[in-house]
Amino acid sequence: MHRLSLAALAVVGIVAAVFVAGGSAGTSQTPKRGGTVVFAAEQEPPCLNGALAGCNNTWTSWTVGTSLRGLYIVKPDFSIVPDMADGEATVVSKKPFTLQFKIKKNAVWSDGKPVTVQDFIFTWKAFVNPQNDVAGRSGWDSIKSVKAVNSKSARVVFSKPYAPWKVLLATSLYPSHALSGTDFNTVWNSEYKNKAGQNIGSGPFILQGYVKGQSITMVRNPKWWGPRKPYLDKVVFVFRTNTDTEIQAIRGGEVDVIYPQPQLQLADLKGQAGLKVVSNAGTTFEHIDFNQQVKGGMPLLRAPWFRQAVSYSIDRTALVKQLFRTLQPNLVPLQNLSYANSQKGLYAPHFEGYKYSVAKVTQIMQKHNCTKGSDGIWSCQGVKASIKLGTTAGNRLRELGLEIMQAQAKNAGIQFIPDSEPSRLFFPRVSDGNYQIALFAWVGTGDPAGQSDIYGCGGESNWKGYCSNKVTALLKGSDAELDATKRAALVNAADKIMALNVPTLPLYQKPTYLVHKTKVHNIRDNPTLQGPTDNMEDWWVS
Amino acid sequence: MLTYILRRILYSIPVLIAASFLIFTAVTAVGDPLAELKLNPLASKQTIELVRERKHLDEPIPVQYVYWVQDALTNGFGTPLLVNEPIWDDLKRVIPHTLALVVSAELIALLFGVSIGVYSAIRQYSVADYAGTTLSFLGFAMPVFWLALMLQIAFTNLFLAWNVRIFYTSGLSSVDPGGGLHWLLDRAQHLAIPVMCLAVLQIAVYSRYMRASLLEVVHSDYVRTARAKGLSEGRVTMRHAVRNALIPVVTLSALSFGGLIGGAIITESIFQLDGMGNYFIENLLSQDVYPVMAWLMITATMIVLFNLIADILYGYLDPRVRYD
Amino acid sequence: MTNPSLDSERTFAQAAVAGAGMAAGEAGDGNLVYETGLEVEVRSQWTFARRRFFRHRLAVLSLFVLIVVLGAGLLAKWVAPYPYDGIDLENAGVGPTFDSWHLFGTDLLGRDYFSRVIYGIQTSEKVAFLVAFLAVAIGTVVGAAAGYYGRWVDNALMRFTDLVLTLPGLAVLLTAAAFLGHGSQYRVAIILSLLFWTALARIVRGQFLSLREKEYVDAAKAAGAGDLRIMFRHMLPNCLGPIIVFATLTVGIAILTEAALSYLGFGILPPTPALGLLIAQGQDVSTDLWWLVLFPGLTIVLIVLCINFVGDGLRDALDPTQRIRA
């Protein structure tokens, strides 16, 4: 059971990877036309319509999601650039916030019909329809009206300023001529077909076959409007949920590419002939949350100085080194809650002051009149510094991390008591505020949308009971700030404050692993949420 | 006998109802099936509310149970929590995959287990007996997940060394298996290693019971009589002893057949064999109670049915046993 | 959870029926009878059984090995050279060596693996024996009642047994985890025993069904003995063979089930070491740090093998119709 710990939105979010270490083998050879690549997917999409809550899964967007393009697309360096849109959309007015976009003349669906404004309107209506089980409506429900200027151009009026509008425009567009009048909740659950029964899509590869429980087959789109025609005939995604199985499968050549969660077993593949291993720091990051709510049962966690002391009792550098020595020796701890350390110009290491220091812990504890017990554990105001630290049971790396932190903190006089459970029991407890310290991951997108929910007072996802009016104001302001630079400044200002009263301590970005046969060329890691399948038209096999 | 069968079937109904209510309560009582969805700060609250209402998640458990019974009887077990696809379609798909796996494993286990057991019994306390015992216990004592990984590594290394694909280490079929015989061969190559994993444990169990049963039969009066009559040892063994010694093994097998349809959870999950076991664990972990219940109804019925068959078989084969 | 398919009641019902030596009315008191001048020692059947057992060389050897291994587990505090949670990141992933007495090497966090295996034996044996004990207790009581009373009691109890057989253990465990606290080895043991007893109930029931037709039961009833006395004094001793074998098999199966549960994350939680958990944790690096899986794996195999040989010996000893040539 190697699931991602969070469901990811199908919204092709902002992604970035400055560390694109590059996965292409020699470009000195000439690409050959034809062939099939077998890609092992670590999770099976529960259903294929990525917009729906039930189908919402990173692998849905990495497999069939690639066949439905959006007006914009997210590049590996986090920039969001026009894809089906003809040039950048223009901000016609700020009050009310109005955008105007134009669709490329040559953008067509695989059945020949052109991509039009109707498709955008259909997508918008599908997302906001309350009867549709859509996973995320954020942004779509801020649109007040869409007025077509002509079949390829429209004006979008928002009811309030929506800062991440480029992310919104990167959403996959659905074909209105194929789907109008159908039940969005069921029509595209296991196929993407138009009304004439043909497979349809707007990407370089379109969905041809889906064998539930086994594989998804995508074939070359003959009408692909992009600048480079795809070389491959087919890309077949086969489901392999067990990482050990994936590793043997690629060793033995039963699959050509794997993109697994970090597992210690992966280190075996480094020396294997005929395989290339690429690893980068992804945008999903592990962290520990301190629960300040009363029902958590640890009153000391309400005090910022105590949380700081706990943060100084953990050696994040050693933790990362120990866990990823063989897998990704370059990994360093994460020092910011909103931006990945590869996002140049945005990332600011506010948390880097929290280095392991028994002396600092002692200093803080003594300053607040804490006493050390005979077992070496501090007691403050009559409460022992004995805290329950839980994570998802069965996840080896997390369990190891927990044990390492336990040992480190013990040296500094703080006791962690393991409190782990299978994820199905763990997450409801966390969202109920029924924990003390929780170790899990947030799926970062590179865009700070959603931070106000996690860290703002009364935020829906603020299960730790953290409330700072200043931080809330800054984050809420960032949601409405259209200027990208100003927005980043607001977010970082909030982050700086949070580094002081540390509601959460970021640990590290989860590394990504792309392992592929050297005979597959031009495939490269994209550690952003876009995933490594964003350039399938460039892949070829020798 | 007929009344006995009818009565057993009648009494099975409250068992199935009780099982369904117990497990329904167990799965819905703790946790929140929408928890993972809620984890995402950008998830639509509207959709979450919609699902809560449609699936009656806020009702007390007995009320939810009644809704489930309705759906199960009128709507082919209903649909999962979030995906709008009928559960029955999923079951139709996964059951054959499981049957192919577990029935093959069971038959192979019976074949090898019985043979090893017979040989061990005939040559009791010989080196062969001890070797057989030790080997079968080795198989018995190996955790299946570890054995699975070792076999996967072994066959992968074989492929790397000889460049010949003997068996596949995961999945149900290759990408383009072809038709007819090619498809069958491909499927067999994919199922071979998982079948080995499952059979190894069962061989140990069957060989032990066969050995014990045959040993005891071989010392019984009627076998002594047969020997005294002057029959050859082989005749004695095969015609009289083994046939009778098989009775407990056959009934044991009938009993375990009932449980087979539940699927082999770990094996199916490791080898990606889209079967009932995998279906069960995936839905249990995501707390999707309707698929779990559908799985339960099928497995519970099979278990109860095969218990009955085993009892009837035993009564039929062993004339000393009588049912009142 | 796959069905442990332990239903061996047919075999052992037959064994009991054929085991004439024990079925006859020897209640086995072992009284010494002295006659003037001639002292005749009347040995109880237990003495004969013990003799037969000790002639079974393999069983005796296995018993000895078991006592050593399980004893080491119980006395872990004194046997293990290091504490099981002594994290020493400098020495992580060291292979077996006589250096610093890391006989089984160290694990990913530098903890001495020999100590962890010893403590693992302690946890696993506590769980396994608890499971076996409870399963035997429940199974015997249910089976005896069903077999002795027959009729509707038998029917009701057997249908209850069917019900328990249909319940998937994983679902029950997951729910119990939420209510009874997580990772506790005792919770795991109790739930497992509640699911394992069914096979023994069927076996004992089968035995009692045939035994109650025996003359000595009628005789005891005529003598005014109560039901409980008849069941536990007269009939149960004749079923001990299959019960003992079941108990030994269950210990093995309990250890293996614990391993499977730990692999899935449902079982005993770290940092408490248990043999199955050690294998599950070492699985990920098993090609590099092979000792992480090998040693706990071998320990499980050794324990299960020995238990089964001892059970073999016990069964042979208690069933005198089999000629022992050991």
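Predicted model: local features only at pLDDT ≥ 70, side-chain atom pairs only at ≥ 80, totals over all residues.
Student: Which residues does A:Thr60 touch, not counting residues up to four places away in sequence?

Tutor: Residues are numbered from 1 along each chain as its sequence is written, while chains are lettered from A and ligands numbered from 1 in the order in which they are written. A contact means heavy atoms within 4.5 Å. Leaving out residues up to four places away, A:Thr60 touches A:Pro45, A:Pro46, A:Cys47, A:Leu48, A:Gly50, A:Cys55 and A:Gly65.

Student: Is A:Thr60 buried or exposed?

Tutor: A:Thr60 lies in helix α1 (residues 58–62) of chain A. Helices (H or I, at least four residues) and strands (E, at least two) are DSSP runs, numbered from the N terminus. Buried means under 20% relative accessible area, exposed over 50%, partly exposed in between (1.4 Å probe, protein chains only). A:Thr60 has a relative accessible area of 2%, so it is buried.

Student: What separation do the C-alpha atoms of A:Thr60 and A:Lys344 have?

Tutor: Along the chain, A:Thr60 and A:Lys344 are 284 residues apart. Their C-alpha atoms are separated by 29 Å.

Student: What radius of gyration does chain A have?

Tutor: The C-alpha atoms of chain A fill a box of roughly 75 × 60 × 40 Å along the principal axes. The radius of gyration is taken over C-alpha atoms, and the globule rule is 2.2 Å times the number of residues to the power 0.38. For 542 residues, a compact globule would come near 24 Å; chain A agrees, at 24 Å.

Student: What percentage of the residues in chain A is buried?

Tutor: The secondary structure of chain A comes to 13 helices and 21 strands. Among contacts with a separation of 6 or more, 69% join residues 24 or more positions apart. Of the 542 residues, the buried share is 65%.

Student: Which residues of α6(A) are buried?

Tutor: Helix α6 covers residues 304–312 of chain A. Of its 9 residues, 7 are buried, so the helix is largely enclosed by the rest of the structure. The buried ones are A:Trp305, A:Phe306, A:Arg307, A:Ala309, A:Val310, A:Ser311 and A:Tyr312.

Student: What is the bridge partner of A:Ser93 in β5(A)?

Tutor: Two strands pair if DSSP finds at least two bridges between them. Strands β4 (residues 90–94) and β5 (residues 97–102) of chain A run antiparallel, joined by 4 bridges. They form a hairpin with 2 residues between them. A:Val91 has A:Leu99 as its partner, and A:Ser93 has A:Thr98.

Student: Which residue in β7(A) does A:Gln100 stand opposite?

Tutor: β5(A) also pairs with strand β7 (residues 153–158) of chain A, again antiparallel, through 5 bridges. Opposite A:Gln100 stands A:Arg155.

Student: How many aromatic pairs are there over all chains?

Tutor: Rings of Phe, Tyr and Trp (its six-membered ring) pair if their centres lie within 6.5 Å; planes under 30 degrees apart count as stacked, over 60 as edge-to-face and the rest as tilted. Over all chains, the number of aromatic pairs is 38.

Student: Why is the pair of B:Phe77 and B:Trp88 classed as it is?

Tutor: B:Phe77 lies in the loop between α4 (61–74) and α5 (87–122) of chain B and B:Trp88 in α5, so the pair ties together parts 11 residues apart in sequence. B:Phe77 is buried at 14%; B:Trp88 is partly exposed at 39%. The ring centres are 6.4 Å apart and the planes at 40°, so the pair is tilted.

Student: What class of aromatic pair do B:Phe280 and B:Trp295 form?

Tutor: B:Phe280 lies in helix α12 (residues 276–285) of chain B and B:Trp295 in helix α13 (residues 289–317), so the pair ties together parts 15 residues apart in sequence. Both residues are buried. With 4.0 Å centre to centre and 20° between the planes, the pair is stacked.

Student: How far from the ring centre of B:Phe159 is B:Arg165?

Tutor: A charge sits over a ring if NZ of Lys or CZ of Arg is within 6 Å of the ring centre and within 35 degrees of the ring normal. B:Lys55 sits over the ring of B:Tyr290, 4.8 Å from its centre. B:Arg165 lies over the face of B:Phe159, at 3.9 Å.

Definitions and conventions:
Heavy atoms only, no water.
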